[in-house]
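Hi everyone, thanks for coming.

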Amino acid sequence: MTTTKSWTDAVSNAEVVLERNPGLPLDMGWVGRAHINRNAIERRIRVLAARRALQDEWQVAWLLRAITCIDLTALSGDDTPSNVRHLCVKALQPLRANVLAALGCPTLTTGAVCIYHNLIPTAVQALEGSNLPIAAVSTGFPAGQAPFEQKVDEIRASVRAGASEIDIVISRAHVLTGNWQALYDEVKAYREACGAAHMKTILETYELATLSNVYKASLICMMAGADFIKTSTGKVAVNATLPVGLTMLRAIREYHEQTGYKVGFKPAGGVSSAAVALNWLILMHEELGVEWTHNTLFRIGASSLLGDIERQLNNYVSALS
Amino acid sequence: MGKQIMEIFETMEYGPVLESASQARSWLQEQQPFQLFIGGQWSTPVAGHYADALYPVTGEVLASVAVAEPDDVEQAVASAVSALSAWGSARAQTRARYLYALSRHIQQHAALLALLETLDSGRVLRESRGELAQAARVFSYYAGQAQLAESVYAGELTSGVVVLCATVAQPFLQLVQQLAPVLAAGNTVVIKPARHASLAVLKFAEIVQAVDLPAGVVNVLTGDDDTLTQVLTSHTALASVVFSGTKAAGSALRKRLVGSGTNVQLSVVTRTPFVVFEDADLDSVVEGVVDAAWSNQGSLSAAATNLLVQENVATALVGKLRARIETLRSGDPLDRTTDLSSIIPDGAIDALPPLLAQASKERLQYWQPSWAEQGTGFPPTIFFDVAPASQLTQSEIPGPALLVSTFRDLKEALGLLGTFGNGQTVSIWSENINVALDAASQLKVEAVWINSVNLQDSAVALNGTDLYDYTRPAWLTGEALSAATAGHTQNKQTSGGSLADLRSAVAAAKKASSWSERTTQARAQVLYALAENLAVRETDFAQRIAEQTGRDHADAIKEVQASIARLFSYAAWAETFAGSTRRLPEQTLVMETVESLGIIGVVTPDAYPLLGLISLIAPAIAMGNTVVAIPARQASLVVADLYPLLESAHVPAGVINIVTGDRDVLSKDLAGLRELAAFWYCGSAHPDWFNTAQSEGRTFLRAATRIKHIWLPYGA
């Protein structure tokens, strides 16, 4: 099999293979020490917005980076092979060739495509010859209210079908009832089912009631072996917000400080404008550093974001000439 | 160009996002040279001297600014005096409309004012801008206070000439917070901005002209900080001086103006210490420290210097703090991505080396971020494990330094705060509401921010921005002056009480401090009982007063009756003058608690010996203070008659202590005792005791209490 390396693979130094987070035994002592102050977190987000800004070439470069982090997503009941094929083509060629040339960018792809299990074969076919990852949502996405064995089987089936990334949803009931052991066991079982495929755990933070719950659930998912923690399914009223993101990033930082393992982060749902995408990148940069602005540790789950970024970049390029 | 984009794509660095200052530069070019603003006109300084205002980043000359001399001061004060009667007696509505117009104009010119502040001082533009929005709100709030003055403050406000004097670069917002209540209460002012924070104030003077504020209500004098302050504050026509500067300069000023009849309000540079408990959200603490300790180049009065952290989380917190400081960006104040201005405030440049030398002498570890250029300026500097006895805790540090100390429990933390002698604000961090409120309630300060720092709201008074504070008579504002009267504490034997008697009175008053813990109802009961007992013996007391003062009996009866009424009033106030709770946007509660000060020293006047004594003692004890009083000479027999009354009214021992003797000698001795929280000296200057608007009510209650605001942001 010949592989065409994506832009990020070819150029970026950050593509040093990361050691996967193997997880830890559940440490409830650590979870119990978590202290989260929502009001202060919201204040930090307001302050940050006033302290960082990007313009001109810097804004363009950061938007290109954002494209490489997008999990280009189609998660609808009416998805068919045809629209998923279009999605895959777009993921491989997110910008027009003349725009890329004008920006001096040799080649560029999104981070992955993100689809339902049934459409994996279509994507495998459409992406053949590239090494663009296919991410499949799983475990009874979005509500996660399916029988446990069925959910584990769903993961195995998707991996067999060609998904190299699995976006699982946690059972929110385990968090709301404080059954942390059950949450840990569930996620650990999913990780085993994933095998070599990378696992993103969707917390669906809107349904977790408090930021303390978000932080604790983040820690436990990492202890259970998550490669990424992800905010939302995109299917509820409120999805990725910056205060929730900041809470999860602080958990990632704490986990890294304590264990040395780097876990990635994926906001999803509602990230539809270039400006919002830049805010997320700035937050990653400020809280975790440059390494976490690369698609090995940062993804954005979005469907319409790419269109807005494209518009911004087209405008920039046409202003050049 | 294309190559550069891909380089940034790799490094993910930030680029410059520079704000244009051209609007401010062209305004300065058009307006300069700046004259003095006196009596609504721009007038050339008598001596014809000017100084250059420089942009500290480049050293470019921004404008030429007049330097005022003593003769100019004379003219400015004269203009404020002549504007006083019309402005002081203007209808509330008139003053309210002017203040609202000022608010509107500040809002319109906020962008220019912020740029001027940044160009002048090198302060980060983001901070200047944020504060300017607030400055407009402060004026509109006090427009409301002015509007309500006739009904809410009914006749209780008196006005005069007030000097607002700054010797350290004072943010424009802070000036506005002082100025707005002063104007709302009907005072006229002379503003002396600090040398490096005058351009925005000159723009404000232009606004004063634009809204047609009556000539002389606001005057602005620019010039040399030290000489101008000296001359201006010495003027005899002043009612109040509001001084912003270092603590040392502030206390020197207060000492100098003792007994001058000028009320002194200090807004001295003090810092907000952080107290961090083991159950705090440490990441959020770090952001709070970064916001507070390094705002305004570390020289803001709201900056932090002491970080007290519970021992078992100290290592974790310091680790997080260091990592965070590494990501701070120091640079051009006009750049939107700058956290810290590269400009070091005056006085800070030379301050660091001696600190480092002292630290190494004390074997204290310290840390600076890797981006700091060694040996230049004053980068953020953390000193670790600073013991209470360290010399570092004694110095006023003008730059962004943080002293970290550890504590084991709340009691020790409170002790450390006492030792560090910090200011009037504290930031407390704990996710346990019991711990946080326990700490907050035990602190004797003006503001406690729980899990936050420097929250402000124009409607929540801070640091004496109540209208009463600028209209309070000078004799009711004296704090204990241990420094001022040192040397006068030698015991001079007199016919009556001695220093030893005063000391034992103070000791008794201290022992009775549980009086403040009594319910307000219990305190009211005691005052009512005292009033009733006095009523029973009305004629006896009237006779005694008539004997001692030579006044006629009817007049003496009138005095006793007024005294009874006064006791009734303060019994009522004891249960009425209390705090409140306010809910602000962004999920924040502000609890205002009214607390006693401690021991108040009271010297009562000759005229109306009983009524004068009661008028001062009653508000003090109604609010939970204990009192050591030195009565008028003529009152000694009246006082002797009072003792049995106190007993039968069940005033607890030690709550009211009276020492008779040579009043002048005793007063000086009493003022020198450091245990006193306040000292009221009512000599020849006193109100008309029969006029209740002047001699009873909130002015006195405010003087007898400390208002503490506890800010409690919440959210799960």
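Before any figures, one term: buried area is the accessible area, taken with a 1.4 Å probe, that two parts lose on being put together, summed over both. Please keep in mind that this is a predicted model.

So, the interface. Chain A and chain B bury about 4,200 Å² between them, and 51% of that is on carbon and sulfur atoms. In terms of residues, 51 from chain A are in contact with 47 from chain B.

What about the polar side of things? Between chain A and chain B there are seven salt bridges. One to look at on screen joins A:Arg51 and B:Asp339, whose closest N and O atoms are 2.9 Å apart.

Now, which helix of chain A gives the most to the side that touches chain B? That is α3(A), with eleven residues. On that side of chain A, the residues divide into 24 nonpolar, twelve polar and 15 charged.

Let's move over to chain B and its helix α4, residues 92-108. Several residues of α4(B) are buried, among them B:Ala92, B:Arg95, B:Leu99, B:His105 and B:Ile106. The buried residues of this helix pack against α3, α5, α6, α7 and α8 of chain B.

How values were computed:
Residues are numbered from 1 along each chain as its sequence is written. Chains are lettered from A and ligands numbered from 1 in the order in which they are written. This is a predicted model: local features need pLDDT of at least 70, side-chain atom pairs count only at pLDDT 80 or more; totals for chains, interfaces and linings use all residues. Side-chain values use heavy atoms; hydrogens and water are left out. Contact means heavy atoms within 4.5 Å. A salt bridge is a side-chain nitrogen of Lys or Arg within 4 Å of a carboxyl oxygen of Asp or Glu. Helices (H or I, at least four residues) and strands (E, at least two) are DSSP runs, numbered from the N terminus. Ala, Val, Leu, Ile, Met, Phe, Trp, Tyr, Cys and Pro count as nonpolar, Asp, Glu, Lys and Arg as charged, and the others, Gly among them, as polar. The expected span of a helix is 1.5 Å times one less than its number of residues. Buried means under 20% relative accessible area, exposed over 50%, partly exposed in between (1.4 Å probe, protein chains only).
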